[in-house]
Amino acid sequence: MSKSAAAWKKFEIGGIGIPPGEAQQISIPVSSLATGVPAMLALHIIHGERPGPAIFVSAAIHGDEIVGTAIVQKLIQRLDPTSLSGTIILAPAANIFGFLQHSRYLPDRRDLNRSFPGSKNGSLAAQLAYSFLNEVIARCTLGIDIHTAAVHRYNLPQIRIAAGNPYLVELAMAFGAPVIVESPLREGSMRALAKGMGVEMLLMETGEALRFDRLSIDIGFQGVLRVMAHIGMTDMDDGLTTVGIPARANSSRWVRSPRGGVTNRIRKSGDTVRKGAVLATVGGLFGEEPLEMTSPIDGIIIGHATLPVVNQGDALFHIAQVANLDHAGERIGSITEAILASEPAGPAEQIMDEDEII
Ligand SMILES: [Zn+2]
């Protein structure tokens with residue numbers, strides 16, 4: 001046994017110590033509800049047999065964004081502490097209150113992802129943020145936070161990272177989502193807080209609220225495994241040689257409905273579009289006076305509204321500006337095909353917020 005392995009100790013969290021090579025579920029008390037029922041932060045910790053980094057994967061920090069919950073469940077089934085180097089903390093429903101109520105928010109109507117760093121004696125959101133910060137983020141060097149689009153919206157699987165950080169680009173490449181977007185950090189968000197603490201963060205946006213979809217779950221699950229392989233936590237192949245290079249974007253634009261009415265959507269997430277391409281038409285209640293919506297830039301559609309009933313000004317498409325647009329479309333196709341092909345045979349589903357301010 002090497003010296004570092006000999007020094008590899010129990011993982012201390014929530015007042016308990018998990019021995020190397022073991023996994024454990026714990027519930028950390030956060031606050032108490034009106035009924036007196038305690039509110040808990042539920043975590044599954046897998047502490048590897050061998051030394052390595054500590055990372056976390058968090059789902060449903062917005063309580064209705066539940067795709068990450070399915071990803072965490074698949075990771076729990078797959079990961080074996082006896083063949084793991086390092087430690088992974090899995091939070092299947094970080095905002096357990098919103099998760100129960102199918103809501104983005106907490107019962108105090110606050111947004112957990114605007115409440116960091118939080119405080120021990122603050123609001124419910126502040127208490128939960130404080131617990132998550134001190135029990136989870138502070139113990140890790142890397143976090144992967146999984147979000148979805150809002151209700152009645154769909155996001156193409158994508159990784160969002162802080163701008164100007166080559167190591168994050170490398171990790172995002174290893175993750176292998178079709179698109180990487182360098183996006184600004186929002187005040188009070190987990191990503192902004194983590195940056196200040198020196199914890200690297202990948203934010204995954206994928207799918208829609210209150211739904212599971214296979215593409216999102218598979219890309220998220222395999223992406224986390226590839227990142228873990230890339231940083232040496234497992235002996236798996238990080239897959240970088242077989243999965244294509246994602247398209248990269250450092251700016252994006254929302255396209256809003258020019259009138260209230262009913263949309264006829266022509267393009268969808270994953271499509272590449274040229275400036276001036278028709279995205280949808282919006283007509284009145286009788287289909288009268290349809291107006292065309294066109295793309296303001298060359299780019300890839302990374303999110304779209306699924307609800308055809310719209311008010312004037314509703315954001316219907318989110319388009320990322322990418323370089324080498326001709327190749328970007330091919331890459332997205334090859335990445336999604338490679339990922340879906342790696343799963344057991346079955347009907348392939350049609351491809352078809354933290355941070356989204358619409
Ligand atoms: Zn979110």
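**Burial and pairing in a predicted model**

Reader: Where is Val181 found?

Author: In this predicted model, Val181 is found in strand S9, which covers residues 179–182.

Reader: What makes Val181 buried?

Author: The relative accessible area of Val181 is 4%. Buried means under 20%, so Val181 counts as buried. Apart from neighbours within four places in sequence, Val181 is in contact with Gln158, Ile159, Arg160, Ile161, Ala249 and Ile302. For one of these, Ile161, the C-alpha atom is separated from that of Val181 by 6.4 Å, although the two residues are 20 residues apart along the chain.

Reader: Why does His44 count as buried?

Author: His44, a residue of strand S4 (residues 38–47), has 10% relative accessibility. The cut-off is under 20%, and therefore His44 is classed as buried.

Reader: What makes the link between the side chains of His44 and Gln25 a polar contact?

Author: The side chains of His44 and Gln25 are joined at 3.2 Å. A polar contact requires a pair of N or O atoms within 3.5 Å, so this distance meets the limit.

Reader: Why is the aromatic pair of Phe56 and Phe132 called edge-to-face?

Author: A search of the whole structure finds 1 aromatic pair. Its members, Phe56 and Phe132, lie 5.7 Å centre to centre, with 80° between the planes. Centres within 6.5 Å make a pair and planes over 60 degrees apart make it edge-to-face, so both terms apply. Phe56 belongs to strand S5 (residues 50–59) and Phe132 to helix H4 (residues 124–136), so the pair ties together parts 76 residues apart in sequence. Both phenylalanines, Phe56 and Phe132, are buried.

Conventions. Residues are numbered from 1 along each chain as its sequence is written. This is a predicted model: local features need pLDDT of at least 70, side-chain atom pairs count only at pLDDT 80 or more; totals for chains, interfaces and linings use all residues. Side-chain values use heavy atoms; hydrogens and water are left out. Rings of Phe, Tyr and Trp (its six-membered ring) pair if their centres lie within 6.5 Å; planes under 30 degrees apart count as stacked, over 60 as edge-to-face and the rest as tilted. Helices (H or I, at least four residues) and strands (E, at least two) are DSSP runs, numbered from the N terminus. Buried means under 20% relative accessible area, exposed over 50%, partly exposed in between (1.4 Å probe, protein chains only). Contact means heavy atoms within 4.5 Å. A polar contact is a pair of N or O atoms within 3.5 Å; within protein, one must be able to donate a hydrogen and the other to accept it, and residues adjacent in sequence count only if both atoms are side-chain atoms.
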